[in-house]
Amino acid sequence: KTMPKKFLNPVEEGKLSGDMRELYDRILPTKDSDERRARFVQKLERILNQQWPGNDIKVHVFGSSGNMLCTNDSDVDICITTPLKILERVCLLANALADHGMERVVCVQHAKVPIVKFWDPELQLACDMNVNNTLALENTRMIKTYVEIDERVRPLAMIVKQWTKRRILNDAALGGTLSSYTWICLILNFLQTRNPPVLPSLHKKPHELRAGSDGRRAGFNDDLERFRGFGKPNTETLGELLFNFFRRYAYDLDYEKWVISVRDGRLISKEGKKWHLMQNNRLCVEEPFNTNRNLGNTADDTSFRGIHLEIRRAFDLVKEAKLANCLEQYEFPA
Ligand code: ATP
Ligand code: MG
């Protein structure tokens, strides 16, 4: 078997990095999109507090609209916090939102995290809303901190996300593939394990045990100013990072043996964690805040094999500096 290509030549590197810059500029959210997202939060806060006055309803953004990795067409993930427990029955919330002009309102009460899905025709935004599920606010803040530490993280992560969407590899719920959150963990761990590293492990750095809004302590060091520029000793370009990202997950990583851990900033042994006995454990990605959870378990064996083949296909194209081909969309019948 032939060894995968180790380096891009300078011409390929320059072309790939240039193409990545161009794509990045194209998919960055516009000012208008950012403004509509900000207005949307204010509008929801107004609607909900009007409907249930005196209940201190707060509207928080999480997911890609809060971690700097959204594009113009990303939906808005919203968590509302309130002591008014009846709102956790999200169908009540759904009715109120419909009364205020929201469209395509659907309440999903019987999910692990109940949500309301809807569309705001005025601001042209789709939204998933939950009540008092504050866990995701923390991991959103963690991702945002990592993104801000090194300026290569945002373009790299947005381009990999774009690829996962084009190749239909990011539908954990329906497609049996991986969520955006899982893909982001793969990117972060890749950057933590470069030599020298582009990112630290924020969970391992000593941090204050601050009390969170619900009494939990902050799990990671969020002192951005301390870590900004951490990746400077690593001089890899965007093109080299994308090439090595795909190479790692296409050929270098021994999936049989390792668990990807953003919390530890390294790979840890599958057997050591006893995860070699689990179901759907071909791809093991530790949830950074709850190390018993495998984010990779949304993919079964067949699905993992498909994802792995797609990563190999992407590497084979990127190693020839063919970014556009790598992002080529599947054709659907109209
Ligand atoms: P996209 O732009 O594709 O919507 P996203 O960053 O919003 O990407 P999602 O996978 O839609 O990512 O998830 C939204 C947020 O929900 C994540 O940022 C994360 O905070 C949280 N989340 C998603 N899946 C999990 C999970 N399995 N465990 C904990 N938190 C999760
Ligand atoms: Mg989202």
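1. Basis. Because the model is predicted, local features need pLDDT of at least 70 and side-chain atom pairs count only at pLDDT 80 or more, while totals for chains, interfaces and linings use all residues. Residues are numbered from 1 along each chain as its sequence is written, and side-chain values use heavy atoms, with hydrogens and water left out.

2. Cavity count. There are two cavities of 30 Å³ or more (a cavity being a set of points, on a 1 Å grid over the protein atoms alone, where a 1.4 Å probe fits but cannot get out; points are joined across faces, edges and corners, and the volume is the space filled by probe spheres set on them).

3. Largest cavity. Its space is about 50 Å³. The lining (residues with an atom within 4 Å of a point) consists of L69, T71, S74, M158, K161, Q162 and K165. Two of these residues are nonpolar, three polar and two charged (Asp, Glu, Lys and Arg count as charged; Ala, Val, Leu, Ile, Met, Phe, Trp, Tyr, Cys and Pro as nonpolar; the others, Gly among them, as polar).

4. Location. The largest cavity lies between domain 1 (10–27 + 136–327) and domain 2 (31–133), because both give residues to its lining. The domain bounds come from an automatic or database domain assignment.

5. Second largest cavity. The elements giving two or more residues are α7 (180–192) and α10 (301–318) (helices are DSSP runs of H or I, at least four residues, numbered from the N terminus). α10 gives the most, with four residues. By class, the lining has eight nonpolar residues, one polar and no charged.

Definitions and conventions:
Chains are lettered from A and ligands numbered from 1 in the order in which they are written. On a 1 Å grid over the protein atoms alone, a cavity is a set of points where a 1.4 Å probe fits but cannot get out, and a pocket is an open set with protein on both sides within 12 Å along at least five of seven lines; lining residues have an atom within 4 Å of a point.
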